[in-house]
Amino acid sequence: MRPRRRQLVRWVIALVMCTALVACNRGGAGGSAPRIALVLKTLNSPFFNDMQRGAQAAATRLGVELVVQAAEREIDVERQMQIVENLIQSGVNAICLTPSGSKEVVPAVVKANRANIPVIIVDTRLDRAAADEAGAKIGSFTGSDNYEGGRLAAQFVVNQSKGQANVGVLEGIPGHETGDSRLRGFREGIAATPGVRVVASQPGNWERDQGFNVFQNMLQAHPEIDTVFACNDVMALGAVEAIRAAGRTGAIRVVGFDAIDDARKAMADGSMAASVAQFPEEMGRIAVENAVHAVRGEAVPPEVKVRIELVTKDNLTAR
Amino acid sequence: MSGWVRWFRGAGRRFGTVAGLMVLCAILWTLTPHFLTVGNALNVMEQTSINAIVAVGMTYVIISGGIDLSVGSLLAFSGIVLAEGLKAGWGTPLAIAAALFVGAVTGVANGAGIAFGRLPPFIMTLGMMSVARGAALLVTDGRPVSGFSPGFRSLATGQALGVPSPIIFTLAMYAGAHLVLSRTRFGRYVYGIGGNEEATRLSGVAVRFHKTMVYGVSGLASAVAALLLTARLNTAQPIAGINYELDAIAATVIGGTSLSGGEGSLGGTLVGALTMGVLRNGLNLLGVSSFLQQLVIGVVIIGAVLTDALFKEKRP
């Protein structure tokens, strides 16, 4: 029996040591400033980096703690839902959320509702039908008028091409409200001009390399394309590269969306024609401000539309 | 070797993965008061369920000496079949049956290509990964399908005695799959094929048939995970499950299953999946940047397998 007893003693000693180690380290909870979470679609995009910067500045100014989280991949809705669940568990006071999927995150919003944590939706709207059906309530929505942005881009194409253009469209991830709205705005904006027609329209899933590949293929199938409308700049920049690879730089008008820094540079050197500017820093700022209002029980506007503007070479300013 | 060292090795070999998980939990418990609560424990297990269920099939496949890269795409495809069925008014039971059937059949197709077509598992399932993804995108035109009945959604949102149903699903799945793997002839053949395929064949086992079935199990597990994911998000996405094969492989190897086959257990895989779930959850609770999270998860995967190798005594 002796060896066995010695082994038992070893187990007990090991267990006691582990417990002691853990117990000694057990610290108290942190400060009392409200904690606001900002859940982004991704951190690999200048657009969301700008939003984070604006949110952080507002949080610092208002004296609240900001926690920023994002899934590894923008399309990973399940992971975004997990992040929201975990934030609920960690006892944040409010959640600002940029939905990776307008319908898919509705259950996560319902969970936050149940925990009495106000949710501020930023940039991409929730699907109204899905939200109503599940009884999801949001504190406020902050975002650009994407439909109007699409119309602005369409207007630019119509004016520049004098009413004659063959357009290739790079869509975002299908089913995303932002991309769908931009597309709808664009299509309705060109509808009155029969000479401007969309000859090809395919998703580039918001990504640069996909924008490149999809547009390269589009050019193969439709050499007559003289205009690109990409639902974000990242895909537009992919298209710019594809155009360069085809040796047709300058012959194809590229219109993007977001007016990120790289796109502004591309406009300066003429490889891009225009982009619809959004103001993500402002979105981040307003979202955090509204979150703080909601935490304090103050009234929050149900919807804040952040300004948009068309940026071209002519009104291009370094930021 | 002194007594302590030998004891440490023995304990590590038997309880290494569990001990690792416990150490991880202890560390997180010291770092945040929100970690060790009943609510969060249920939360972690619920979040782990989908990866854990996919990893059941992966464990079978890896023990048999293969690999299945198509699980994420099969999950998406079965989810779409399910969603389209529900939308078309087939009724919940029939739609579920159709999704499970599609998952299993696609898995069997994988297995047949590998066992009878003599394709390397890596190649066959890589091809199927693309085929199933393409089919899911084609059927839906790339759009998510959503809006299901509360009855169906209760698969993921319901509870029994305060325990969320995904956890119950997962435990039931593991109990069943563990019994099959440890108590049936089929289970023994799975180990045999992975350990020494030639010897298993020479002892009269229908190796090709059983190998095919192993991939069927994997496809079925993916389809079960699809049920839960679709009910949880109230949406089936054609782009669901991207990279899930890597999570499932990670859970399996953290759980001590050998990539060279013939060795491993479902209990280990469950602990492996929980380790990944706990890690992600804990890092979220701590507000750790998501870039650092990926780094930490990678280190833990390598560390877990390395420790496992060190604890295993060298064979002659």
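Modeller: In this predicted model, 32 residues of chain B are in contact with 36 residues of chain A.

Biologist: What makes two residues count as being in contact?

Modeller: Their C-beta atoms, placed from the backbone, must lie within 7 Å, and 32 residues of chain B are in contact with chain A on that basis. The elements giving two or more residues to this side of chain B are α1 (3–31), α2 (38–63), α10 (207–233), α12 (266–285) and α13 (290–311) of chain B. By kind, the residues on this side of chain B divide into 11 nonpolar, 17 polar and four charged.

Biologist: How do you know whether the radius of gyration of chain B agrees with that of a compact globule?

Modeller: For 316 residues a compact globule would have a radius of gyration near 20 Å, and chain B has 20 Å, so the value agrees. The C-alpha trace of chain B spans about 70 × 55 × 35 Å along its principal axes, and chain B holds 13 helices and four strands.

Biologist: Why is α11(A) called mostly covered?

Modeller: A residue is buried if 20 or more other C-beta atoms lie within 10 Å of its own, and 13 of the 16 residues of α11(A) are buried, so the helix is described as mostly covered.

Biologist: How do you know whether the length of helix α11 of chain A agrees with what it should span?

Modeller: At 1.5 Å a residue, the 16 residues of this helix (residues 280–295) should span 22 Å, and because its end C-alpha atoms are 22 Å apart, the two agree. Just after α11(A), A:Gly297 takes a positive phi of about 80°.

Technical notes: Residues numbered from 1 in each chain as written. Chains lettered and ligands numbered in written order. Predicted model: local features only at pLDDT ≥ 70, side-chain atom pairs only at ≥ 80, totals over all residues. Expected span 1.5 Å × (residues − 1). Buried ≥ 20, exposed ≤ 12 C-beta atoms within 10 Å, placed from the backbone. Nonpolar A, V, L, I, M, F, W, Y, C, P; charged D, E, K, R; others polar. Rg over C-alpha atoms; globule rule 2.2 N^0.38 Å.
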